[in-house]
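Trainee: I'd like to learn how to read a few features of a protein model. Could we start with the space inside?

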Amino acid sequence: MAKARVKKRTHLRAQNASATSRSGAASMSKTPKSMVIRVGASQVGSSVTQLVKDVRLMMEPDTAVRLKERKSNRLRDFTVMTGPLGVTHLMLFSKSATGNTNMRLALTPRGPTLHFKVESYSLCRDVERALKRPRGGGQDHKTPPLLVMNNFNSPNATEESKVPKRLESLTTTVFQSLFPPINPQATPLSSIRRVMLLNRELTAGSEEEDSYVLNLRHYAISTKKTGISKRIRRLDPKEVRSREKKKSAVPNLGKLEDAADYLLDPSAAGYTSASETELDTDAEVEIAESTTRKVLTKREMQRMKSGENAKAQKSNGPEVEKRAVKLVELGPRLKLRLIKVEEGLCDGKVMWHDYIQKSDKEINALEKNWDKKKKEKEARRKLQRENVEKKKEEKAKARAAGKGDAEEDNEDEDMGDNDDWLSDDLEDGEEPQDDDDESMEE
């Protein structure tokens with residue numbers, strides 16, 4: 001006999017569905033998201049193209065990994081999509097005519113933008129070739145890395161220094177916002193599998209720093225138990241589950257007569273070799289082992305409280321074990337030199353420059369020029385909004401009188417859409433200006 005069909009109402013929402021959607025949207029808005037873009041498509045070369053892929057892998061999981069650029073794409077094509085997609089950071093890699101590789105780190109939607117010169121870099125494949133035992137990504141890229149910053153704020157920096165104090169604070173804030181913050185009380189240790197290290201080079205003994213140079217490294221965090229041999233560790237179920245090659249995790253004991261022949265090293269007179277218990281590590285930490293506990297009955301709970309069963313109380317306490325922490329480099333490596341800082345999103349006033357200095361008179365002239373440009377831009381937008389409203393009113397009157405046909409309506413709609421899209425374009429007869437050249441002069 002066939003089973004009777006049970007109807008389920010799928011159009012009814014749960015009572016807490018709206019609250020769940022709001023909480024999900026709030027958590028999604030708080031999570032930083034990035035886009036690593038290759039400006040110029042294939043014109044930058046194969047090495048920079050591979051560097052962009054490696055940086056995307058490092059920024060996972062909150063980044064656009066399968067983003068594809070074209071030669072015809074411009075910066076506006078990406079910035080218009082940052083709002084709907086919730087993108088908070090843009091990392092733009094480009095190559096100049098002289099062969100220098102540059103990186104721009106911009107915050108959306110209003111900036112600021114940090115311009116870096118990539119003085120040197122190493123790809124992930126180059127780092128793997130240099131290591132004796134390279135480590136694959138595996139499940140490490142499913143969680144964001146832990147960000148560690150060193151020497152970002154120099155003790156002798158002031159507002160009159162070559163690198164002012166406000167610039168150090170701004171750079172620290174921008175890099176801290178790349179990844180979601182970590183709560184030490186709520187974040188599980190198992191979710192921290194990678195670390196991104198940013199170290200600022202400081203000259204020893206100098207009172208003022210002449211430049212702002214950062215070294216970027218990317219590591220994977222691996223932990224192992226200490227005090228036990230490798231052979232015993234291979235029989236631990238937790239170590240077996242953490243291995244990538246499950247087939248070779250458990251050794252073959254079929255040819256041995258006793259398990260002691262495997263656990264004890266015959267060449268060491270029945271004892272395990274001491275060299276097998278030593279690990280090439282940097283530090284050892286004590287962590288509380290997360291194991292399943294027995295659910296006690298009411299009588300057992302009373303015995304534990306009264307102190308009659310001390311042994312059971314000790315066995316049900318948190319187990320602490322020592323684990324050795326080791327870092328394995330994944331790549332890429334980057335050496336970045338901060339060149340300048342802009343106020344807007346890749347288009348604004350230059351707030352700081354490394355090798356170009358302006359006098360007070362030149363700064364006042366630039367301020368007046370920016371104020372003039374801002375007023376002209378607002379006037380163009382106001383005029384275009386008025387034109388769009390005027391066309392909409394004419395179209396409504398034509399429809400009411402019955403004189404407008406379908407072709408004119410489509411033409412008016414296209415013109416209105418174009419006006420909204422090209423709100424920042426120049427008017428007829430106005431000569432375009434090269435903002436890049438002017439920003440470099442600043």
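Mentor: Gladly! A cavity is a set of grid points where a 1.4 Å probe fits but cannot get out, and its volume is the space filled by probe spheres set on those points. Keep in mind that this is a predicted model.

Trainee: How many cavities of 30 Å³ or more does a search of the whole structure find?

Mentor: Two. The largest cavity holds about 80 Å³ of space. Its lining includes V55, M58, F175, L216 and L336. Helix α2 and the strands β3 (101-107) and β10 (333-342) each give two or more residues to that lining.

Trainee: Let's turn to helix α2. How far apart are its end C-alpha atoms?

Mentor: They are 19 Å apart. At 1.5 Å a residue, the 13 residues of α2 (residues 46-58) should span 18 Å, so the two values agree.

Trainee: And which residues of α2 are buried?

Mentor: Here is the general idea: an α-helix has 3.6 residues a turn, so residues three or four places apart point the same way. In α2, the buried residues are V48, T49, L51, V52, D54, V55, R56 and M58.

Trainee: Now the surface. Is P155 buried or exposed?

Mentor: Exposed means over 50% relative accessible area. P155 is exposed because its value is 75%. P155 sits in the loop between β5 (146-150) and α6 (165-176).

Trainee: Which residues form a nonpolar patch on the surface?

Mentor: V80, M81 and L85 do, with about 230 Å² of accessible area together. L85 belongs to helix α4 (residues 82-85) and is partly exposed, at 45% relative accessible area.

Note on methods. Residues numbered from 1 in each chain as written. Predicted model: local features only at pLDDT ≥ 70, side-chain atom pairs only at ≥ 80, totals over all residues. Heavy atoms only, no water. Patch = residues over 30% accessible without salt bridge, like charges linked within 9 Å, V, L, I, M, F, W, Y side chains within 5 Å. Areas by Shrake-Rupley, 256 points an atom, 1.4 Å probe, with all protein chains shown as cover. Salt bridge = Lys/Arg side-chain N within 4 Å of Asp/Glu carboxyl O. Helix = DSSP H or I, 4+ residues; strand = E, 2+ residues; numbered from the N terminus. Buried < 20%, exposed > 50% of the residue type's maximum accessible area, 1.4 Å probe, protein only. Expected span 1.5 Å × (residues − 1). 1 Å grid on protein atoms, 1.4 Å probe; cavity = no way out; pocket = protein on both sides within 12 Å on 5 of 7 lines; lining within 4 Å.
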